Amino acid sequence: PFGEVVKQLNHIYDLSSEIQDEELYRLKLTADFSERSVDNVLETIAHSLGIGMKREGQKVVWLSRNGIKVSPEIPRP
C-alpha cells in the first residue's frame, strides 16, 4: 500500500511526507529501489502511479492523480 511505501521512504531517506489526497492510500506499489538517489526514487514512484509530487528539502508532498491539491471543500470528480 502507498501509505506503507511512504513510511519506508521517510525512514530510509529521513524525509517527512504529507499525503494530500486520501485516495492515494488505495494505491499499491511493489518495487526495489536499491542503490538509487532519493530524487530518482520519488520521481519514479510519482511517474509510475501517475500522481503529483513536490519536494522541498526533506519534505515531500504527494498530490492527487491530477496533481491538484484536493481539499474537503472541493468535490472530487
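I began with β1 and β3 (residues 59-62): four bridges link them, and the two strands run parallel. For the record, strands here are DSSP runs of E of at least two residues, helices are runs of H or I of at least four residues, and both are numbered from the N terminus. Two strands pair if DSSP finds at least two bridges between them.

Ground rules before going on: this is a predicted model, where local features need pLDDT of at least 70, side-chain atom pairs count only at pLDDT 80 or more, and totals for chains, interfaces and linings use all residues. Residues are numbered from 1 along each chain as its sequence is written, and side-chain values use heavy atoms, with hydrogens and water left out.

**Sheet**

I looked up partners in β3 next. Ser-17 has Val-60 as its bridge partner there, and Glu-18 sits opposite Val-61.

On to β2 and β3: they run antiparallel, joined by four bridges. Glu-56 faces Lys-59 of β3. The hairpin of these two strands has two residues between them, and Gly-57 takes a positive phi near 65° in it.

Then I put the sheet together. It is open, has three strands in the order β1-β3-β2, and its pairing is mixed. Neighbouring strands are turned by 15° against each other on average, direction ignored (axes are lines fitted to C-alpha atoms, and angles run from 0 to 180 degrees between N-to-C directions).

**Gln-20**

Is Gln-20 buried or exposed? I find it buried, at a relative accessible area of 16% (buried is under 20%, exposed over 50%, partly exposed in between, with a 1.4 Å probe and protein chains only). Gln-20 is in the loop between β1 (16-19) and α2. Its side chain makes a polar contact of 3.0 Å with that of Glu-18 (a pair of N or O atoms within 3.5 Å; within protein, one must be able to donate a hydrogen and the other to accept it, and residues adjacent in sequence count only if both atoms are side-chain atoms).

**Second largest pocket**

Last, I checked the second largest pocket, which holds about 200 Å³ of space. A pocket is an open set of points on a 1 Å grid with protein on both sides within 12 Å along at least five of seven lines, and lining residues have an atom within 4 Å of a point. Of the 13 lining residues, Val-5, Gln-8, Leu-9, Ala-31 and Phe-33 are the closest to its centre. α1 gives the most to the lining, five residues.

Technical notes:
On a 1 Å grid over the protein atoms alone, a cavity is a set of points where a 1.4 Å probe fits but cannot get out, and a pocket is an open set with protein on both sides within 12 Å along at least five of seven lines; lining residues have an atom within 4 Å of a point. Grid points are joined across faces, edges and corners, and a volume is the space filled by probe spheres set on the points.
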